[in-house]
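User: I have a chain open here and would like to go through it piece by piece. Can you take the questions as they come?

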Amino acid sequence: SRPANADGEWAAAPEPEARPQSQAATEDYSEAIKAGIQQVQMVDRSFNMGEFTDGARAAFEMILQAFSAGDRDTLSSLLSKDVYGNFETAIKAREAEGHTLETSLVGFKSVDPVSVEVEDNRAFITLRFVSEQGFVLKKDDGSVIDTSGAQIDEVVDVWTFDRNLRSTDPTWTLIATDSEDD
């Protein structure tokens, strides 16, 4: 963990490390994951798990930053209605208190598939993200309210994405989020 200074800024943060390569070889996956990938590829021959994981990393960053900034347009384009509702409730509560959230995603330690399933031409892929991130909650005047997150810590999130494999729209939607406690 790296503490923040008195202003809630992360002191001399090093440049984020290069992202780890996605597991490109399917032999690295469990039999259940391999079977799920094959099911997806039976409907969408262009599906590549490594490319999906890279896209999910990018979506994770976009969603984290959009949540921090209160960017509802970005969130609504990437989240299911239920997940969006949960995010919007948290944003509204923060705004009602006159607070701002600054989030720092230093990088990913790993992004690994938990499950890959196909049901009625819909793919459901759950990934476990292990990242290093921190946050600082501030009042509108810039004074720090909560410094408990003002250090870089390992955070484990489990997110599920879905997509209609018959659709020409390549966008995956975040349909469920969960966190693992240390």
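User: What is the bridge partner of Leu105 in S2?
Analyst: The bridge partner of Leu105 in S2 is Gln133. This is a predicted model, where local features need pLDDT of at least 70, side-chain atom pairs count only at pLDDT 80 or more, and totals for chains, interfaces and linings use all residues. Residues are numbered from 1 along each chain as its sequence is written, and side-chain values use heavy atoms, with hydrogens and water left out.

User: How many bridges join S1 to S2?
Analyst: There are 18 bridges between strand S1 (residues 99-119) and strand S2 (residues 122-139), and the two run antiparallel. Strands count as paired if DSSP finds at least two bridges between them. The elements are DSSP runs numbered from the N terminus: helices are H or I with at least four residues, strands are E with at least two.

User: What sits between the strands in that hairpin?
Analyst: Two residues lie between S1 and S2 in the hairpin. Asp120, in the loop between S1 and S2, has a phi near 50°, a positive value in a residue other than glycine. Asn121 is in the loop between S1 and S2 as well, and has a positive phi of about 65° although it is not a glycine.

User: Are they buried or exposed?
Analyst: Asp120 is exposed, with a relative accessible area of 72%. Asn121 counts as partly exposed at 29%. The cut-offs are under 20% relative accessible area for buried, over 50% for exposed, and partly exposed in between, using a 1.4 Å probe and protein chains only.

User: Which strand pairs with S2 over 12 bridges?
Analyst: That is strand S4 (residues 153-164), in the antiparallel sense. Within that pair, Leu127 stands opposite Trp159 in S4.

User: What about Thr126, and why is it called buried?
Analyst: Thr126 is in strand S2 and is called buried because its relative accessible area is 11%. Its side chain makes a polar contact with the side chain of Thr160 at 2.7 Å. A polar contact here is a pair of N or O atoms within 3.5 Å; within protein, one must be able to donate a hydrogen and the other to accept it, and residues adjacent in sequence count only if both atoms are side-chain atoms.

User: What else does Thr126 touch?
Analyst: Leaving out residues up to four places away in sequence, Thr126 touches Asp112, Pro113, Val114, Ser115, Val158, Trp159 and Thr160. Contact means heavy atoms within 4.5 Å.

User: And Ser110, buried or exposed?
Analyst: Ser110 lies in strand S1 and counts as buried, at 18% relative accessibility. With residues up to four places away in sequence not counted, Ser110 touches Arg128, Phe129 and Val130.

User: Switching to the largest nonpolar core: which residues touch the most other members?
Analyst: Met49, Phe52, Leu127, Phe129 and Phe161 do, in a core of 33 residues. Helix H1 (31-43), helix H2 (49-69), helix H3 (72-78), helix H4 (81-96), S1, S2 and S4 each supply at least two residues of this core. H2 gives the most, with eight residues. A nonpolar core is a set of buried Ala, Val, Leu, Ile, Met, Phe, Trp, Tyr and Cys residues joined through side-chain atoms within 4.5 Å.

User: What does Met49 touch?
Analyst: Tyr29, Ile37, Pro113, Val116, Ile125 and Leu127, not counting residues up to four places away in sequence.

User: How do H2 and H4 pack?
Analyst: H2 and H4 pack at an angle of about 35°, with their axes 9 Å apart. Axes are lines fitted to C-alpha atoms, for helices over the stretch in contact, and angles run from 0 to 180 degrees between N-to-C directions. Ile63, Phe67 and Ser68 in H2 meet Phe87, Ala90, Ile91 and Arg94 in H4.

User: Last one: what is the overall pattern along the sequence?
Analyst: The chain has four helices and five strands, in the pattern α-α-α-α-β-β-β-β-β. Buried residues make up 40% of its 182 residues.
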